[in-house]
Amino acid sequence: MTIPSQPKDPQNPLGDLEEWDDFVKERYPKPAEKESLVGTNPEKTEDQFRNYEAEARDSVREFYRLNHRGQTLDFVRKKRSDYLQLNRREMGIWEAAEFLNTLVDDSDPDTDLSQLEHLLQTSEQIRKDGHPRWFILAGFIHDLGKVLCLFGEPQWAVVGDTFPVGCAYSEKIVFPEYFDGNPDNQNNDLQTALGIYEEGCGLDNVLLSWGHDEYIYHVTKDYLPIEAQYMLRYHSFYPWHREKEYTHLTNAQDEEMLSWVLEFNRYDLYTKSHGAPDVVQLRSFYEELIAEFFPAKLRW
Ligand SMILES: [Fe+2]
Ligand SMILES: [Fe+2]
C-alpha cells in the first residue's frame, strides 16, 4: 500500500510549477500535425474529463483544491490593487528571466528544463516557424509573471488554468467540485451566468483568477502589439480558448484575438525538442530583441 506523501509546504503542493503544465498537456493532447487549434471545440466526453481528473497526482489535485478555494472575487481584487501598482522593483526583461531562474523547486535537474530554458524553447520554436519578432518576444516573456512565486505568492496564486471570478463557474473548469470550498459559491449574486458583469462586456472588464498571466500583461502591455498582449494575458485561460466557455462575456475584439491566443498556445504546450537550448549562445539575439521593444528597466 502506498501512502500519499505529505507536501513539505501545504500551500505549495506541486514539486515544481511544471507539474501543472504537464497536467494541462494530458488534458489537451497535441492535435494531429498541421491541424489548427483554431475553431476546434474539443469533443471530449464527460468520462474522458473524469479520467484526467482520476489520474491526476495527489499534488495536482491538492493544488487545484487550494486554487479553487482561494481564488475569490475579494482575493483577486486585493492582489490586483497590490501588485498592479508595479512598485516592487525595477528590472529589465533579461534580468527578470535570470531572477525567475533562481526559483528553486523539487524538479529533476536531469530531465526538467529550467524556467529560462522553457521560455527559450518556446520562443525559438516560434522563431523557427518564421513568425514576427513581437511573437518571438511574446514567447520569451510569457511566463515571467511567475516571479510572483519569488515575491512569496503560493503556487495556486501563480499558475493554474484561469477563470472569471464574480460569476458562475463553468462546469468545464477542471475539478469543478472544489469550488464548493470557495466562499463566493455561497453568494447567489456571484453565481449567475453574468454575476457582476454585463453581457458582451469584453474580457478587459472581466476579473480572472489571479496569476502570472495578468501580472506579466500589466508589466509589459505598453510596449507590445495587442496580439501579444492577448497571448500573455490569456494563455492560461483554457476555459475560454480551449473549452469555448464564457462567450457571453466576450466582445468582438476578444473573438478576433482568439486565434492568436490559440496560435500561441500550441507553442507553449507542445514545444518539446531534444536537449536544452543554449542560453549563452542565444543571449545576444534576445538582448537585441528585448531592446527593440522595451526600455532598459521595467516596473514590476
Ligand atoms: Fe504560463
Ligand atoms: Fe509557459
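Reader: How many helices and strands does the protein chain have?

Author: This is a predicted model, and in it the protein chain has 12 helices and two strands. Taken in sequence order, these elements follow the pattern α-α-α-α-β-α-α-α-α-α-α-α-α-β.

Reader: What share of the 300 residues is buried, and what share of the contacts with a separation of 6 or more joins residues 24 or more positions apart?

Author: Burial is counted from neighbours: a residue is buried if 20 or more other C-beta atoms lie within 10 Å of its own. By that count, 39% of the 300 residues in the protein chain are buried. Among contacts with a separation of 6 or more, 80% are between residues 24 or more positions apart.

Reader: What does the reading give for α11, and where is its kink centred?

Author: Helix α11, residues 252-270, has 19 residues and reaches 28 Å from its first C-alpha to its last, which is close to the 27 Å expected. There is also a kink of about 35° in α11, and it is centred on Leu258. Leu258 is itself buried, as are Asp254, Met257, Trp260, Val261, Phe264, Asn265, Tyr267, Asp268 and Leu269 of α11. The helices against which the buried residues of α11 pack are α1, α6, α7, α9 and α10.

Reader: At what angle do α8 and α9 pack, and how is such an angle to be classed?

Author: An angle over 145 degrees counts as roughly antiparallel. Helix α8, residues 212-220, packs with α9 at an angle of about 150°, with the axes 6 Å apart, and the two helices are therefore roughly antiparallel to each other. On the α8 side the contact is made by Asp213, Glu214, Ile216, Tyr217 and Thr220, and on the α9 side by Gln229, Leu232, Arg233 and Tyr234. By class, these residues divide into four nonpolar, two polar and three charged.

Reader: How many residues of α9 are buried, and what covers them?

Author: Seven of the nine residues in α9 are buried, so that the helix is mostly covered. They are Ala228, Gln229, Tyr230, Met231, Leu232, Arg233 and Tyr234, and their cover includes α7, α8, α10 and α11.

Reader: Which residues of α7 and α12 meet, and at what angle do the helices pack?

Author: Angles of 65 to 115 degrees count as roughly perpendicular. Helix α7, residues 133-141, and helix α12, residues 279-293, pack at an angle of about 110° with their axes 10 Å apart, and are therefore roughly perpendicular to each other. From α7, Arg133, Trp134, Ile136, Leu137 and Phe140 meet Tyr286, Leu289, Glu292 and Phe293 of α12. This contact has seven nonpolar residues, no polar ones and two charged ones.

Reader: Which residues other than glycine have a positive phi, and where do they lie?

Author: Leu86 is one of them, with phi near 50°, and it lies in the loop between α4 and β1. Leu86 counts as partly exposed because it has 13 C-beta neighbours inside 10 Å. Lys244 is another case, with a positive phi of about 60°, and its place is in the loop between α10 and α11. With 15 other C-beta atoms within 10 Å, Lys244 is also partly exposed.

Note on methods:
Residues numbered from 1 in each chain as written. Chains lettered and ligands numbered in written order. Predicted model: local features only at pLDDT ≥ 70, side-chain atom pairs only at ≥ 80, totals over all residues. Axes fitted to C-alpha atoms, helices over the stretch in contact; angles between N-to-C directions. Helix = DSSP H or I, 4+ residues; strand = E, 2+ residues; numbered from the N terminus. Parallel < 35°, antiparallel > 145°, perpendicular 65-115°, else oblique. Contact = placed C-beta atoms within 7 Å. Nonpolar A, V, L, I, M, F, W, Y, C, P; charged D, E, K, R; others polar. Expected span 1.5 Å × (residues − 1). Bend = angle between axes of the 7 residues up to and from the residue. Buried ≥ 20, exposed ≤ 12 C-beta atoms within 10 Å, placed from the backbone.
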